[in-house]
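User: Please go through the model shown below. I will ask about its salt bridges, core and pockets.

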Amino acid sequence: MNIEKALSVVSSDKTMVRLHLAHWVAGGNIKVITPTIEDDFQEQLKSIVEDQLNKCDGLTQSDYNVVGANDDTLETANFHKYEQRVNAVLDAIDVPNQKFRFANDNFDFFIYEFCYDDEDNNAKKVFVFRRTKKFKSFKKGFIGHFVEGHFKKIIENGLLGNDGLIDLIVYDEEIAILQHIAFERIFRLSNEFRELAEEVLKNDTFNKKIINFSELKEAALNNRSYIKRLSKLDSTNTATLFLKDLQKTKVVVDELNLDIDIDLKSNQMQYRDETQLGNFINLMQDAYYKTLIGNMPGLDERR
């Protein structure tokens, strides 16, 4: 993502700022409320986003990795890969609800919209997302401040608020991710990860070559971390690569002392219990390696 261009849209004096509050409802639908906001609050939102964009400018950008993000790196996701989910939210902004039937603290995230019309009257929009803070401790309590020695109660309940951070940016069909886990939760990607993982595990080679594969599959699909790792294999052919030549795989298993039984006569492996699950997932990801110079074996945990 071109951070400088996004920043120029946010910072322009001609930019209009809108605030949207979004809430996922039953059936995977989303409701959006667009309240009016005062000028000083618009400037505050500008300031928050400008500060965050300036911190991103100059960071190394890398492709979004479902396993996790590297420090001091700005992740960018392929907009078209997540287009359906992202557009479900952006389309809901165009038809905001006038009324809502849920409590203030049920909103899932804020969207800050920055819209600027250039000289050719083309609208440029930056959408900034931030998950809401659940001030549940104030549901039955109070909040206030001191004014000249007097404590003034501000509100009793229904408190909505946020901080000076942002989670992700959508601009010019690009997604920049500042908070890795927030991207997945805002767009509710867990179901998508599971579907991709299930598709990988449908390969009939697993059933033929791994004894008790059904138990392995069930255990893997009950583990969020393994689901995400398997989902990365949806467009590759590496998932069953370790099963094509079990003689070669046995060399790896023996050298790394992995707790996996391989019967070369029957040309099969055996899954015994969940203590072996991580090793099987690593083999599916082809995550074991040997260094070129030192010839040292290792495991790439970010595969």
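Analyst: A helix here is a DSSP run of H or I covering at least four residues, and helices are numbered from the N terminus. The model is predicted.

User: How far apart are the closest N and O atoms of D254 and K250?

Analyst: D254 and K250 are 4 residues apart in helix α10, so about one helical turn separates them. D254 counts as partly exposed at 48% relative accessibility, and K250 counts as partly exposed at 25%. The two form a salt bridge, and the distance between their closest N and O atoms is 2.9 Å.

User: Is K55, which forms a salt bridge with D51, buried or exposed?

Analyst: K55 and D51 both belong to helix α2 (residues 39–56), 4 residues apart. Their closest N and O atoms are 3.6 Å apart. D51, at 37% relative accessibility, is partly exposed. The cut-off for exposed is over 50%, and K55 has a relative accessible area of 55%, so K55 is exposed.

User: How many charged residues are in the lining of the largest pocket?

Analyst: The volume of the largest pocket is about 580 Å³. Its lining has 21 residues, and E184, R185, R188, S190 and R224 lie nearest the centre. Helices α4, α5 and α8 each supply at least two of the lining residues. By class the lining divides into 7 nonpolar, 4 polar and, for the charged class, 10.

User: Which element gives the most to the lining of the second largest pocket?

Analyst: The second largest pocket holds about 370 Å³. Its lining has 17 residues, with K248, T249, V252, D286 and Y288 closest to the centre. Two or more lining residues come from each of α9, α10, α11 and β14. The element that gives the most, with 4 residues, is α10.

Notes: Residues are numbered from 1 along each chain as its sequence is written. This is a predicted model: local features need pLDDT of at least 70, side-chain atom pairs count only at pLDDT 80 or more; totals for chains, interfaces and linings use all residues. Side-chain values use heavy atoms; hydrogens and water are left out. On a 1 Å grid over the protein atoms alone, a cavity is a set of points where a 1.4 Å probe fits but cannot get out, and a pocket is an open set with protein on both sides within 12 Å along at least five of seven lines; lining residues have an atom within 4 Å of a point. Grid points are joined across faces, edges and corners, and a volume is the space filled by probe spheres set on the points. Ala, Val, Leu, Ile, Met, Phe, Trp, Tyr, Cys and Pro count as nonpolar, Asp, Glu, Lys and Arg as charged, and the others, Gly among them, as polar. A salt bridge is a side-chain nitrogen of Lys or Arg within 4 Å of a carboxyl oxygen of Asp or Glu. Buried means under 20% relative accessible area, exposed over 50%, partly exposed in between (1.4 Å probe, protein chains only).
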